Each structure stands twice: as structure tokens, then as C-alpha cells.
Amino acid sequence: MRDPFQSTNRKRRSIRLIDIDSWVDTGLFRIGRFIAGWAESFSVFMRRFRLTGVSRATAEVGSDVLTLGLGGAILALALALPAFDATRLGWRAQGDYSVTFLDRNGTEIGKRGIKRKETVPLEEMPDHLIKAVLATEDRRFFEHFGIDVFGTIRAMNENLRAAAVVQGGSSITQQLAKNLFLSNERTIERKVKEAFLALWLEANLSKDEILKLYLDRAYMGGGNFGVEAASEFYFDKAVTDVNLAESALLAGLFKAPARYAPHINLPAARARANEVLTNMVQADFLTEGQVIGARRRPANVIEQPDVAGSPNYFMDWAFEEVKRLSPRGDRSLTVRTTVDVSLQTAANEAVESILRENSDSYRARQAALVAVEPDGAVRAMVGGRDYGESQFNRATDALRQPGSSFKPFVYATAMLNGFNPGSVVRDAPICIGGWCPRNYNGRFSGPVSLTTALVKSINVVPVRLAQNIGRDKIVDVAKKMGLSTELLITRSLPLGAAEVRVVDMAGAYAVLANGGYRATPYAFTQIITSRGDVIYDRREDAPPQERALPDEAVAAMNEILVQVPEWGTGRRAKLEGIRTAGKTGTTSAYRDAWFVGYTGNYVAAVWMGNDNYQPTRRLTGGRLPAMTWNRFMTFAHDGVEIKPIPFVDDPEAETDDGAAAVADATADENAVRAPSSLSAATTTRLIRLQDLMRDAPKVGPVADFKPSAPPAAFGVAGGETVVDVLPPSPVAQ
């Protein structure tokens, strides 16, 4: 009998739930069986491709290579992405300027940009010139996609066989990418960017457009860019009129314009042109019979004025500064610059003579120098030893660590935060998070004044100062004084572990030379159009100078820095009879050596090192850089009125009037005046004596003297309160 209280709805609901559960289980089972069957079938299918032995090893290696290659390609693309920013900035128009540069006195010193508004079309250039360039620079130009893989492999093979670089693997497109967007700096990052930009050029331009740009933008020696300018410079004729011998000579300049420039070395240029003719025959562009006349009658060049002191690095920088202003309208401009040709020549000669005499001994191959007046006007700029060999401007584009030449920014910040030249800080061991800075001589001096610490370039003291005042404040002061690069706030920042530019260092030290005002280096004072209209005049258009440091801080810093050439690390920079101030700088492993110094007339920054960041042979800023600075500044101050350094008394002025000095001595026979500074000759002798004493064999003490009583705990040193900025931490284990 059915229970009258039993619900039929509940029974029906229970049956439905069981059905659903059964359906789900059945479905999952069938799906699982299908997947298992598919996997088994796939496994059976793949067994046909199972490899063993050598074949398996080859496949695995190939797979790994593909994986690593894909990862490398992604990494390379990440490195190259910043370079593509340059392609968005109207790069075609940047070369449309035609700028004639004048020196500070109005004399023409060179040109940059296109030589005239309308350049010669590619189809109007001589056929033998095009063939000479292709045969020598890129025979497969019309066949590859921007990167000549086979040409690169061939060049690598030839270089390995010769154990030297005898062939280049870069295509014309790659060389154009470098000329348009990159520098000549030899780094892997630049080569990666160059390859990707070459692909971009091939995707956006035709082959004829790429070739035309290459012929117009390549450096051809003598300060000329492009075959049209080079033809006028060397042969005094249009490029459309050059003969086969002249075309071969021009085509030979692309590889090394400094080495083969005919106005410098005509025999080498002709020998290179003969190689170009051979290349044309080997490429089946011409026959031997067609080139024999050019071999027998090589090209002649016209007489050129002496260009040894030509300010090419300066004009490159000035050209970029003109484009940065982006003047509208007429792009055929005349620019009156700040450069002084006589000072430029002296700067070139100072750098080259010092390196020629000493570069092998110290293994330092490159240098840069920037000289400015205290207001920032650049009077001379050396961006490297040989512009023809390398157009990379180390004065404006290279980022190098300044070492101890950065310390004045630390001390200037300290002067703004309650310290003074007489403040005493302990030179004692200190560790910050496991980093324990040491002094150059490996010893510690105990309590020292800030003057002694900076003059002797003690490392521990600026580290303690930075801990006390804050590294962020140091960065702020350095930026106000003119450093434009990114300054990372690190523990080693006070010792110059940051990247700066030579031109910025000159401008920053100019703040101390002009009394505390920011002095951003500038290249020109006027820009004039082809119609004679002045579209820029610095006297009217430049922003007013900003105060970077107060008088008290400038006076304190100058009081210290004038002593560096007297009895500190910069004695080789001391000028005879002229008050000199400055600071040396040397980085870890001796990769960079600096001297940045100033008088009341000029400021100059000198850097020496190697492009590949290889260490020098213990080169310090107090040696070759200081010597170069001295040689240049000696010439710069010859025959000019000597101006005083702000807030510093000039002891030399006190001895100018001999009669007055005799009268003073007669008036007070008992008064004995000690000289406040040493002459350059005396300083040189003392340096020599120091070197002799340093190299002399060490002698042990005759007796062991012990103090009768232990020294008292110091709280006062020489009348000055000792500022223990940061107690030394225990050395990390």
C-alpha cells in the first residue's frame, strides 16, 4: 500500500539528478577516451619521425639553436627599439640645412649640410662613379634586403685568414643607417641598432633613394659630406664632370677618409683608387682595357689651404645645435660661432703632442678637450685625435665617469649645508652596506679639514659628507651647475660613479669661474638667413643667466680649488704667474683620467682614455690631462689681460710692481713675507723630488720609539671641532 505522505515530486526530482550525474560521467568518460585515443594515434604517428644516434643529436642541437636564436632576436629588437625614435623626428628634413660657419671674428671656417638647395639627381651622376662605389662598398647592393649575409660571412673569413680587419661586412644600407641615426662608437649595441635600422630603411625607401642618400651624406674628408661637395673640394668641378680616375679616387674615400684624403696623402689616395679600379674589373663592371687609362693617368687634386686646426668636431656640434633651434623658413644659413681658430689649433696641438709622446707608455689612445669662457662661450673643442678616422665626438657625445673631478659638486653642496673650508671630518674606515671605499694611497689621515680632503683628493671624506647631507642634494646642485646627464643616486656617487659629458663638465666648472651663475656651453651668437635677416641673436634671444651657487659657496670652493695646483693632485697643471684652480679625476681600473680647471679667463676640461673602455696603464688625471691642460692654457693666456678668479686674491699681483715691493721691504726691514704660492718651475722640481722619494727603496726604522702616554681622545684638532659625520661601521664579513 502506498504511503499517503510520500511526495511523488521528490521522487521525480531524485530520478532527474541521477540522470544528470550519469550523463556527465558518461560524457567525461567519452571525452577522456577520445583524448587518450587521439594521443595514442598521435604517438604512433610521431614514432615514424623518431630519431636515434647522430640524427637525434643533430635535431636537438638544431632545436636549441632555433630557441636561442629566437631569444637573441627578441633581445636584439629590445636593444634596437630606442633607435627607432630617430625615425619619427623628420630625419629627411634634418639634412636639408645648408649652413656656413664663421669664427668669432667673422672668418669662414667651414660648412655643414647640403652644399646647395638642389643636389645632383642620381641619374645625372656619372655611371662610372656609381659602379666604382658599388664595386668597392657593396657589390650585392641591389640583391640583398639591407644586410648582406654572404658578404658578412666572406668578410669574416677574410679577416680571420689575415688575423686583422681587412674587409668590412656592412652593406651600404647599414652604413647609411649609421650616418643618419647613429654615432661611430664601436659597440655591440650600435651594431644591433644599425642592422634593424637598415631593415627599416629597406622597407621604407627604394634602392635608388638609399644609394642617393648614401652618396650625399657620407663623410669624404676635409670636412666635406657627400660626393658633390668632395668633387668641388678636391677637383674644383661638379660631380657630373668627374672622369674615371677621379671617380675611383672618390670611391676610395668611403672606407677611411682620413687615411686616403688626397689633400693629406696623395700617394695613398692614388693607391687606394687603383684598388677601386681593380674592384670594378673583378665585379665585371669594366674591363682591364677600360681602366688602364685611369691607372696610367691618376687623378690630380687642387691645392688646399692648411686645415690642421679645422674645428670639425665643433662644427658638427654647432650644426646639431642649429637644427635643435629649428629655425623656420630659409634653411640656407650663415652662423657666427664662438670658436677661436687660434685656440682651436692650440687645443689640437696640445692633445696630439701629449698623446704622441706618451700614449704608448700609458696605453691611452683617445682624448677630448673643451675650452669655454666663464659665460659658456665655447672657444675650442677637440672631440678626438683624428676627425677623419672617427667622427664620433667624445667631447659632446661620449658618456664617461668623472672620478674625483665630481667631488667639487659634493663639497659645493656641503658649503650650502653649514660646512666651510675649515670644517674637519674624520678620514677613517667606513662601510655602507658592505661597500668600503678606500683612499688612493690605501692609508687614512684621521681628522682633516675639507680643504685638505679635496686638495689631496681623499675619498672617504666626500662619502661621509654625502651620508650627512644627502646624495639627492648633491644631484640637485650638480644639475643646477650644468650636468645634463642622468645621475643615479648610488653609494659611490660622491666618488664620481656617474656618467657625464666633457662639455658639461666645462660648463659646470664655469659656474665657479664666473661667480656662481649657470654657464651652459653655447656654440654661436648669431644666425643669419641667405637674405641677411638675423633670425637669432644671443644678446636678445638667450634666456637670462640663472644663479646656480651663492657667493659664499663660490668663494669657499674657489678658496679650496686654487690650492689643488699648488700642493695637491693637480700640480702639473699650474700656470706660471697665473692663479689656477681645478680638480683631477681618475676612475677605477684607470679607465678615465680628467683634469678640469679654470682661471679668471678660461675654463677647460680634458679627458683621456680609450673608446673600448680598456684600462690605461695607471694614467691619472694629474699626469697627461693636467699636462695637456697646462700646455693649452699657457697658449690661451699669452698676451691677454689676466682676470682674477672670483673671491680669490691673486698673490702674483702683489709682486707686479717691483719698486713698490722694494719700498715695502725698506719700510719694514724686519717684516718677512713668505710666498703664498710656488712658481711653476719650483713645483715641477718638487714633483720630481716626490717621484724620486716614492721610487726609493724603503728603509726600516732605526729604533722603535713608543709614546710615553697614549694620545687623548680627539674632540678638537688644530683648533677646529672634529665633525664625525658618520661613525665607521664594522667591516662586513
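Which residues in α3 meet which residues in α9? In this predicted model, the α3 side of the contact is made up of His128, Leu129, Ala132, Val133, Thr136 and Glu137, and the α9 side brings in Leu244, Ser247, Leu250 and Ala251. Sorted by class, that gives six nonpolar, three polar and one charged residues. As for the geometry, packed helix pairs are described by the angle and the distance between their axes. Here the axes of α3 (residues 127-137) and α9 (residues 244-251) come within 9 Å and cross at roughly 35°, and the crossing is right-handed.

Zooming out, the protein has 25 helices and 14 strands. Of its 733 residues, 46% count as buried. Take the contacts between residues at least 6 apart in sequence: 72% of them join residues at least 24 apart. The accessible surface comes to about 38400 Å², with 54% of that belonging to carbon and sulfur atoms.

Then there is strand β12 (residues 603-609), which is largely enclosed by the rest of the structure because seven of its seven residues are buried. In a regular strand, side chains alternate between the two faces of the sheet.

Strand β4 (residues 366-372) runs antiparallel to β12 and is joined to it by seven bridges, with Ala368 partnering Trp607. Strand β11 (residues 592-598) likewise pairs with β12 in the antiparallel sense over seven bridges; there, Asp592 has Gly609 as its bridge partner. A hairpin of four residues links β11 to β12.

Methods. Residues are numbered from 1 along each chain as its sequence is written. This is a predicted model: local features need pLDDT of at least 70, side-chain atom pairs count only at pLDDT 80 or more; totals for chains, interfaces and linings use all residues. Side-chain values use heavy atoms; hydrogens and water are left out. Axes are lines fitted to C-alpha atoms, for helices over the stretch in contact, and angles run from 0 to 180 degrees between N-to-C directions. Helices (H or I, at least four residues) and strands (E, at least two) are DSSP runs, numbered from the N terminus. A crossing is left-handed if the near helix is turned anticlockwise from the far one by less than a right angle, and right-handed if clockwise. Contact means heavy atoms within 4.5 Å. Ala, Val, Leu, Ile, Met, Phe, Trp, Tyr, Cys and Pro count as nonpolar, Asp, Glu, Lys and Arg as charged, and the others, Gly among them, as polar. Buried means under 20% relative accessible area, exposed over 50%, partly exposed in between (1.4 Å probe, protein chains only). Accessible areas come from the Shrake-Rupley method with a 1.4 Å probe; for residues, only the protein chains shown count as cover. Two strands pair if DSSP finds at least two bridges between them.
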